[in-house]
Amino acid sequence: MLRFVARRLLLLGPILLGLSVLLFVWLRALPGGPASALLGERATPEAVARIEELYGLNEPWYVQYWKFLVNAVQLDFGNSSRTNRPVVEEMLRTFPATIELGTTALIFAIGIGIPLGYFAARRYGTWLDNLSVSGSLIGVAIPVFFLAYILKYVFAVRLGWLPTGGRQDPRMDAEHPTGFYVFDGIITGDLEAILDALVHLILPAVALGAIPLAIIVRIARASVLDVVHEDYVRTAEAKGLYERTITRRHVLRNALLPVATVIGLSAGLLLSGAVLTETVFAWPGVGFFVAEAIGNRDYAVLQGFILMIAFLYVLVNLAVDVSYGLIDPRVRVQCALPRSRRPPRLRRSARRAAASARTPGSGCAAIRWRSSASG
Amino acid sequence: MALIGFGLIAFFVLVAIFAPLIAPYGPTDRPGADVITPTNIPGPSAEYWFGLDELGHDEFSRVVFGARQSLLVGVVALLLGMAGGLLLGVLAGAFGGKVDGVIMRIVDVMLSIPGLLMAIAIAALLGRSLLSVMIAIAVINIPIFARLLRGQMLAQRESDYVLAATSLGVRRRSIILGHVLPNSMSPVIVQATLTLATAIIEAAGLSFLGLGSPDPRVPEWGLMLANTQRYLASAPHLAFFPGMAIVLAALGFTLLGERLREALDPKYRR
Amino acid sequence: MRTTRLSRRFAAVSALVAGAMVLVSCGGDDDGDDGDGAEGTAGGSLVFGASADPIILDGALFSDGESARPAYQIFEGLVTTEEGGTEIVPALAESWEASEDGLEWTFHLREGVTFHDGTEFNAEAVCFNFERWYHFEGVMQSPAVSYYWNTVFGGFSDGAAPSLYAGCEATDDSTAVISLTSPSSAFIAAMQMPSFRIASPKALEEGDADAVSGTEESPAFEGTFGYENPAGTGPFMFESWERGSQLTLVRYDDYWGEPAQLDELIFTVIPDGPARRQALEAGDIDGYDLVDPADADALETAGFQIMRRPAFNVGYVGFQQSYPPFDNINIRKAIAHAINKENLIQTNYPEGTEIATQFMPPELFGWADDVTVYDYDPEEAQRLIAESGVTDLTLQFWYPTDVSRPYMPNPQANWELITADLEAVGFTVEPMTATWNPDYLDGTSTGGTPMFLLGWTGDFGDPDNFIGTFFQTVNPQFGSFENPEIFAKLDEAEAETDPDRRTELYQEANRLIMDFVPGVPYVHNQPAAAFREGISGYVPGPLNNESFAAVTVE
């Protein structure tokens with residue numbers, strides 16, 4: 001397992017490098033530049049030219065890229081052309097906000113999604129099942145901003161139970177050493193700050209987590225349905241085991257693999273959803289900042305942030321892959337064995353058949369398997 | 001449930017085809033020109049079933065005409081995506097080996113990029129037009145069909161009838177085109193209906209983001225939704241009707257697809 | 001199926017979660033009663049919803065509205081504008097006069113004024129600030145940084161470009177003399193802007209305000225002055241700034257004039273317009289700016305106050321005469337007649353919005369009430385088209401997306417209505433669009449958009465800021481047309497020092513411009529701010545430079 005993790009981490013370097021080149025070229029290929037973004041209606045060709053000259057935007061792209069690379073290795077991603085602050089500073093400011101929100105949303109989606117999917121599958125064909133399926137279909141169809149507005153309107157404006165946005169009450173004075181408000185409240189021992197931060201998290205997390213929730217419900221349900229019809233479950237039932245034991249020992253563990261994959265994929269979803277959610281709830285996070293930076297052609301921010309996001313994305317997926325090992329002992333055992341000791345590779349045809357089926361076959365291929373769990 | 005799905009789809013297709021007959025006004029007519037102010041955008045009434053929009057158009061007419069656009073984009077994008085995906089899938093499944101490996105790597109890369117982001121990038125590169133939206137959505141869906149068909153074909157390759165045909169000396173191309181492919185189609189059909197649903201939503205999403213046709217006079221549900229954020233409190237009908245239309249259309253295809261799959265997949269039969 | 005332990009456990013957990021939520025919501029009202037002295041007219045805090053985070057609090061280094069808003073509370077200039085208007089009135093200077101030749105301006109400064117850091121305000125401080133701006137180097141000279149210095153004074157001490165500024169002398173503690181290289185009357189009006197407001201020299205030095213780091217390609221302001229210690233003389237002083245979220249100011253008790261009423265003034269960042277409205281409705285904020293026209297009525301009915309500013313902007317349809325048929329004056333006049341401006345205003349703008357007849361608002365001196373007006377007259381439009389002899393009536397008409405401007409809250413809506421009007425008289429319109437930032441702005445400013453929607457919000461109370469910016473010289477935005485008559489008239493008006501004669505000259509210029517029809521101005525919009533009941537003392541002004549000093553909360 002350790003070797004596996006180490007190997008993946010080593011791959012990280014080249015991946016990020018390649019990505020950075022692609023990014024750089026793509027950004028420069030986009031029409032327009034930061035100059036007119038900064039000037040608004042006051043942009044004149046002379047002003048734009050002057051700014052481009054000052055910012056070194058006239059140099060050939062490989063020269064700019066080289067300078068960027070040299071600085072990036074020293075963790076200096078340059079400065080934002082809009083705020084004129086170091087990109088690293090903006091990252092330290094915005095990433096904790098989004099990570100806190102995303103994590104909460106994910107906990108919400110998983111905490112409700114898996115049980116709901118499980119029960120929908122176990123009660124296949126009943127009202128609960130149909131409701132869950134329909135709910136998840138609608139959940140995917142509703143535009144995120146629409147859902148966010150409705151939640152806000154009902155709970156914050158009409159009922160006044162929850163705040164309309166932001167991470168904390170403007171009049172509250174709290175310390176934020178790490179930038180994760182709930183955590184900060186815990187370490188400073190400020191109960192009011194903890195509660196305030198939590199209260200501000202509820203609506204955005206629900207809005208953001210709604211789509212992953214819908215997907216997780218569907219996948220969990222489909223996956224549980226698959227497993228429940230397998231022979232070994234029928235055997236277990238015939239043996240007379242309690243349903244709870246069956247569930248814990250057999251169904252859940254086998255059903256969770258596709259769900260784990262989906263959770264990894266959700267990381268990408270959360271990021272795109274984060275942009276809209278952060279905008280609607282005035283959450284000062286990465287999504288909104290990057291969206292702004294695209295409009296402003298803030299190259300430094302875009303390069304640094306997108307690379308960081310890719311880095312985190314790879315880490316999350318690595319964590320998911322590691323979790324395969326935790327959930328499914330077959331994977332753990334086989335991948336940890338040196339190549340010579342592993343069970344003989346199945347004949348090509350059988351392997352391909354396994355690969356094409358919806359669940360992972362045996363072997364380390366399970367870890368490399370990336371497709372969606374159900375068609 | 002399948003009936004509901006089928007009914008919804010039929011309803012939309014009919015509405016799209018007969019739009020000029022169903023809609024009382026043209027999409028650019030402004031029957032409410034004299035009445036509209038930023039704070040007075042009338043909602044549903046007897047005269048205007050879905051109310052008026054912020055420029056005085058009849059919302060019902062615009063939603064009806066919007067069906068054409070949405071379904072057109074969805075269907076064309078689906079067909080393009082299916083064609084590309086099936087081609088790749090057939091090649092991978094038929095030839096196997098290195099060809100398969102290369103194609104599947106490409107497909108994996110395509111799958112690992114979040115769909116919406118890729119669509120945005122493509123649409124941004126190709127410029128704003130209906131065509132670029134269609135192409136973008138098609139491209140997102142190519143890997144899904146490719147992988148699906150390849151899997152099916154691989155499974156089919158090992159089956160007895162293929163073995164029989166090969167031993168009889170039937171040429172490979174005939175086997176594939178005449179036997180394996182048709183037998184692989186049922187999950188593809190299921191996927192097609194589901195993809196049509198998501199294509200409609202994605203098309204709306206891309207228009208919402210401003211990547212679709214630059215002509216705001218042509219009604220498109222996503223575009224109609226885009227302009228309504230500021231009116232959610234004062235004129236919610238502007239967002240409600242196009243939004244519901246998108247959801248119902250997508251729902252219709254999804255329901256149909258789900259039930260089709262459950263009908264065709266033996267595992268689900270109880 | 002029989003209920004399992006799992007499902008029962010699940011139900012219990014959900015009940016717990018629900019219970020917790022109820023508890024939390026009951027405990028969530030602790031923000032309402034915190035304000036000390038919230039009763040009565042003095043004290044209390046006000047939370048204002050800003051649309052973006054300030055970039056920096058150093059007036060010389062930004063040019064956007066959201067950075068300006070807190071800066072107007074912290075800093076003061078030699079002069080300021082009267083409340084609710086554009087007329088220049090004394091601020092840190094009690095009086096001023098120009099020398100005979102208009103090259104030396106003597107300011108008699110107020111005495112007994114202190115900066116927030118305790119240092120004394122005097123003529124030396126004034127000259128320190130002016131010299132600092134004049135000596136900006138490198139990226140500090142960029143129009144994106146010191147836009148207003150570039151616009152008003154032109155060049156810097158390095159002599160690369162000619163500068164209006166010649167020098168500053170502190171003849172005694174309360175007299176500062178500013179010398180110019182050529183006579184100009186426009187510069188006084190500009191002195192009220194944040195770029196020319198006076199900051200404490202001690203704070204500037206200690207805070208290393210001119211420190212720039214990073215590479216040439218992407219500079220960063222390193223000094224702490226603009227982020228942690230912006231010391232001015234205004235009624236509010238800086239307390240804390242959580243970047244991206246909120247900025248907190250507190251009352252400056254040693255203010256030279258009437259101290260501020262509020263204890264605390266908080267600007268919290270809410271980028272999304274409808275989200276600001278919802279925050280106001282829910283009571284999370286006390287006010288916000290740029291109310292969407294669609295919300296004004298609903299808010300007023302619900303008991304909120306809508307404060308409309310006198311219009312100080314103009315929205316127009318621009319023509320680039322480098323593209324046919326816009327080089328033909330009959331076509332331009334035909335378009336002007338074809339547009340139904342009244343219906344456009346009524347449909348897309350709040351009640352009370354004025355139709356524009358020229359490229360500057362009536363608020364401003366130099367506005368002429370007798371310019372040629374192009375009424376809605378489709379028949380006249382058609383006649384002009386026929387007379388023009390132009391056969392290809394295809395117009396490429398651009399509009400921006402992703403943007404809402406004070407003069408154009410909904411560009412797409414404006415575009416649709418105007419297009420319908422144009423097609424009704426026989427034009428064929430090709431829809432063209434781009435995102436505001438940067439493509440649309442790039443296109444319009446470099447001459448890539450034959451016909452387009454745009455506008456302008458005035459920065460300071462001088463016609464030079466409107467029609468001088470547009471038409472004083474060859475401008476790619478309008479197709480680089482050459483009209484020596486207009487150019488000369490505007491040059492003359494800018495240099496003129498006698499106020500009455502200036503007014504006349506600008507009026508003549510407006511007449512000339514509207515006869516030439518380089519574009520069709522159609523609206524002067526009144527951007528509005530919204531406050532909850534119980535807030536008073538806020539006087540909306542055309543230049544968006546309102547002070548919160550007199551504001552009280554109940």
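1. Burial in chain B. Chain B has 270 residues, and 51% of them are buried. These values come from a predicted model. The C-alpha atoms of chain B fill a box of roughly 80 × 40 × 30 Å, taken along the principal axes.

2. Make-up of chain B. What does the secondary structure of chain B come to? It comes to ten helices and zero strands. Read along the sequence, the pattern is α-α-α-α-α-α-α-α-α-α. Now turn to the contacts in chain B between residues at least 6 apart in sequence. Of these, 71% join residues at least 24 apart.

3. A helix pair in chain B. Two packed helices are described by the angle between their axes and the distance between the axes. Take helix 3 (residues 59–95) of chain B and helix 8 (residues 172–208) of chain B. They pack at an angle of about 145 degrees, and their axes are 8 Å apart. The crossing of helix 3 of chain B with helix 8 of chain B is right-handed.

4. Who meets whom. On the side of helix 3 of chain B, the residues in the contact include Ser70(B), Val73(B), Gly74(B), Leu78(B) and Ala94(B). On the side of helix 8 of chain B, they include Ile176(B), Leu181(B), Thr195(B), Ala199(B) and Ala204(B). How many residues of this contact of helix 3 of chain B with helix 8 of chain B are nonpolar, polar and charged? There are 15 nonpolar, four polar and no charged residues.

5. Helix 8 of chain B is kinked. A straight helix of 37 residues would span 54 Å at 1.5 Å a residue, but helix 8 of chain B spans only 47 Å between its end C-alpha atoms. Look along it for the bend. A kink of about 45 degrees lies at Ser186(B), shortly before the proline Pro187(B). After the helix comes Gly210(B), with a positive phi near 90 degrees.

6. Chain A, overall. Chain A has 16 helices and zero strands. Of its 375 residues, 45% count as buried. Among contacts in chain A between residues at least 6 apart in sequence, 72% join residues at least 24 apart.

7. Helix 5 of chain A. This helix (residues 87–122) has 36 residues. Its reach from first C-alpha to last is 50 Å, close to the 52 Å expected at 1.5 Å a residue. Helix 5 of chain A also has a kink, of about 25 degrees, at Thr94(A).

8. Two asparagines in chain A. Asn84(A) sits in the loop between helix 4 (61–73) and helix 5 of chain A. Is Asn84(A) buried or exposed? Asn84(A) is buried, because 23 other C-beta atoms lie within 10 Å. Asn130(A) is in helix 6 (residues 127–141) of chain A. Asn130(A) is partly exposed, because it has 14 other C-beta atoms within 10 Å. Asn130(A) and Ala193(A) are 63 residues apart in sequence, and their C-alpha atoms are 41 Å apart in space.

9. Backbone points to check. Most residues other than glycine have a negative phi, and most peptide bonds are trans. Asn84(A) has a positive phi, near 55 degrees. Asn544(C) also has a positive phi, near 60 degrees. The peptide bond from Pro324(C) to Pro325(C) is cis, with omega near 0 degrees. Where is Pro325(C) found? Pro325(C) is in the loop between strand 15 (313–319) and helix 10 (329–338) of chain C.

10. Two loop residues in chain C. Asn544(C) lies in the loop between strand 22 (535–536) and strand 23 (552–553) of chain C. Asn544(C) is buried, because 20 other C-beta atoms lie within 10 Å. Glu351(C) lies in the loop between helix 11 (341–348) and strand 16 (354–355) of chain C. Glu351(C) is partly exposed, because it has 15 other C-beta atoms within 10 Å. Glu351(C) and Leu422(C) are 71 residues apart along the chain, and 25 Å separates their C-alpha atoms.

Methods:
Residues are numbered from 1 along each chain as its sequence is written. Chains are lettered from A and ligands numbered from 1 in the order in which they are written. This is a predicted model: local features need pLDDT of at least 70, side-chain atom pairs count only at pLDDT 80 or more; totals for chains, interfaces and linings use all residues. Axes are lines fitted to C-alpha atoms, for helices over the stretch in contact, and angles run from 0 to 180 degrees between N-to-C directions. Helices (H or I, at least four residues) and strands (E, at least two) are DSSP runs, numbered from the N terminus. A crossing is left-handed if the near helix is turned anticlockwise from the far one by less than a right angle, and right-handed if clockwise. Two residues are in contact if their C-beta atoms, placed from the backbone, lie within 7 Å. Ala, Val, Leu, Ile, Met, Phe, Trp, Tyr, Cys and Pro count as nonpolar, Asp, Glu, Lys and Arg as charged, and the others, Gly among them, as polar. The expected span of a helix is 1.5 Å times one less than its number of residues. The bend at a residue is the angle between axes fitted to the seven residues ending there and the seven starting there. A residue is buried if 20 or more other C-beta atoms lie within 10 Å of its own, exposed if 12 or fewer, and partly exposed in between; C-beta atoms are placed from the backbone.
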